[in-house]
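Dear colleague,

Please find below the structure that I am handing over to you. My notes on it come after the display.

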Amino acid sequence: MEQKPHYQLFIDGDWTEGAAGQAMAARNPATGADWASFACAASADVDRAVAAGQRALADPAWRDMSQTARGKLLYRLADLVAENAVHLGLIETTDSGKLLAETVSQTAYVADYYRYYAGLADKIEGAVLPIDKPDMHVFTRRDPIGVVAAVVPWNAQMFLTATKLGPALAAGCAVVLKASEIAPAPMFELARLIERAGFPRGVVSVITGDAENCAIPLTRHPDIDRIAFTGGPETARHVVRNSAENFAVTTLELGGKSPILVFDDADLDGAANGLIAGNFGASGQSCVAGSRGLVHRPIFDDLVRRIEEKAAGIVVGDPLDAATHIGPLCTEAQINRIEDSLAHARAQGARIRFGGARVERPGSYMAPTLVECAGPETETLKVEMFGPVMSLLPFDTEEEAIALANSTPYGLGSGVFTQNLARAHRVSERLRAGICWINTYRAISPIAPFGGFNQSGYGREAGLEAVLDYTRTKTTWINTSDTPMANPFIMR
């Protein structure tokens with residue numbers, strides 16, 4: 001019998017079992033069978049990982065490394081990620097059910113995030129201040145913020161890790177990366193590459209485990225200086241409460257219920273493809289899923305018909321098969337939640353145009369589904385589905401469309417399909433969302449920051465300014481006068 005892989009924790013440069021001896025099974029969503037196992041961290045392991053980060057920050061091997069040398073390590077990591085994109089993609093697909101075509105291509109592109117921050121490592125500058133006092137030379141510098149807790153979900157691991165790890169390492173921080181216990185294997189494979197890249201011991205540790213033994217001790221640890229969290233709003237509330245124990249700087253990239261607005265002058269084929277990409281891409285398991293399709297009433301029926309025609313060719317199947325468009329959902333709980341939401345929507349008068357049920361085969365498969373909503377209170381327009389479910393609702397005026405788009409506690413992504421340039425600018429400006437795609441959807445770049453409004457979180461990842469979020473500004477005053485300080489009881 002073939003032995004299943006077993007992943008250990010990576011702490012302070014060592015591969016180790018958890019202090020409590022706890023282990024969990026990794027389930028393949030495509031088959032429903034366990035394919036590997038992994039060690040789980042206990043509170044003592046969290047303490048060790050954080051202490052390793054603190055030691056690394058004080059170690060000349062990392063503390064005194066030039067910013068240019070840090071960048072070269074990141075370039076090395078980028079090359080290793082690109083060289084191993086197929087292997088990393090295969091592990092991620094096996095562990096989470098995402099399409100191999102997407103995991104491989106996304107991992108290969110993620111290398112550019114590390115290259116982007118490698119290039120920024122020696123561009124982190126201070127300033128000499130034109131101070132308003134005589135005989136004073138005053139300057140600032142940016143120091144690493146400290147030990148970072150990076151908490152990453154299972155649904156886009158390589159991407160969401162790079163947006164945290166890249167800027168943190170460029171800034172000279174140490175990082176404890178907490179992988180989701182649902183599908184952590186790709187993170188441990190990445191840890192092997194971090195080790196090979198040559199980062200000093202303790203600069204990066206990779207752990208996983210449940211909330212009580214791992215996530216809570218990490219996010220409330222007194223020696224954590226920054227928390228970069230991606231996940232759901234409920235978990236985020238606990239993270240914020242935990243951060244009250246250490247006053248760690250915290251950024252949150254949370255869920256969404258993103259609107260896609262389609263106006264009557266839009267290219268309908270492009271809009272149909274945008275809605276399909278926003279809802280069925282990544283099997284709908286995306287925080288920026290455009291799951292609220294708001295469609296100008298005159299084109300509603302025509303657009304639905306085009307979506308139905310295109311959806312007829314969608315292949316649901318093995319995520320390792322290049323012909324597959326939609327693979328399994330990562331957990332059975334997601335399908336149960338979707339089924340409950342669809343039942344509620346039907347009771348509210350919604351019409352299921354196609355799909356609406358799980359696919360009867362081994363694994364956790366859900367058919368791509370289109371819901372024609374009876375009104376704005378339809379359940380599927382309210383809750384984050386995290387599966388291949390598209391909900392459409394007609395509107396009559398631009399004002400109504402904007403009001404419907406903004407009638408949500410979330411504000412992560414949004415999309416507008418129109419050929420009217422003035423309308424594109426006008427509408428996008430008024431949408432309460434951190435990202436707005438015009439006549440496209442789900443485009444990313446290391447150069448472009450992303451993040452949300454309202455319950456979709458705060459702070460931004462990627463882009464130029466993200467690296468500064470991993471620094472603290474230090475101001476230094478130098479008295480250049482030969483005259484000693486005068487009256488000590490008067491502020492200068």
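The notes below cover aromatic pairs, charges over rings, and cysteines.

This is a predicted model, in which local features need pLDDT of at least 70 and side-chain atom pairs count only at pLDDT 80 or more, while totals for chains, interfaces and linings use all residues. Residues are numbered from 1 along each chain as its sequence is written, and side-chain values use heavy atoms, with hydrogens and water left out.

Across the whole structure there are twelve aromatic pairs (rings of Phe, Tyr and Trp, the last by its six-membered ring, with centres within 6.5 Å; planes under 30 degrees apart are stacked, over 60 edge-to-face, the rest tilted). One of them joins Tyr-7 and Trp-35, which are edge-to-face because their planes stand at 65°, with the centres 6.4 Å apart. Tyr-7 also pairs with Phe-188, and this pair is stacked, at 6.1 Å centre to centre and 20° between the planes. Tyr-7, at 4% relative accessibility, is buried (under 20% relative accessible area; 1.4 Å probe, protein chains only), and Phe-188 is buried at 0%.

The charged end of Arg-226 sits over the ring of Tyr-470, 4.0 Å from its centre (CZ of Arg or NZ of Lys within 6 Å of the ring centre and within 35 degrees of the ring normal).

The count of disulfides (two cysteine sulfur atoms within 2.5 Å) is zero. For Cys-173, the nearest cysteine sulfur is that of Cys-214, 20 Å away.

Yours sincerely

Conventions
Buried means under 20% relative accessible area, exposed over 50%, partly exposed in between (1.4 Å probe, protein chains only).
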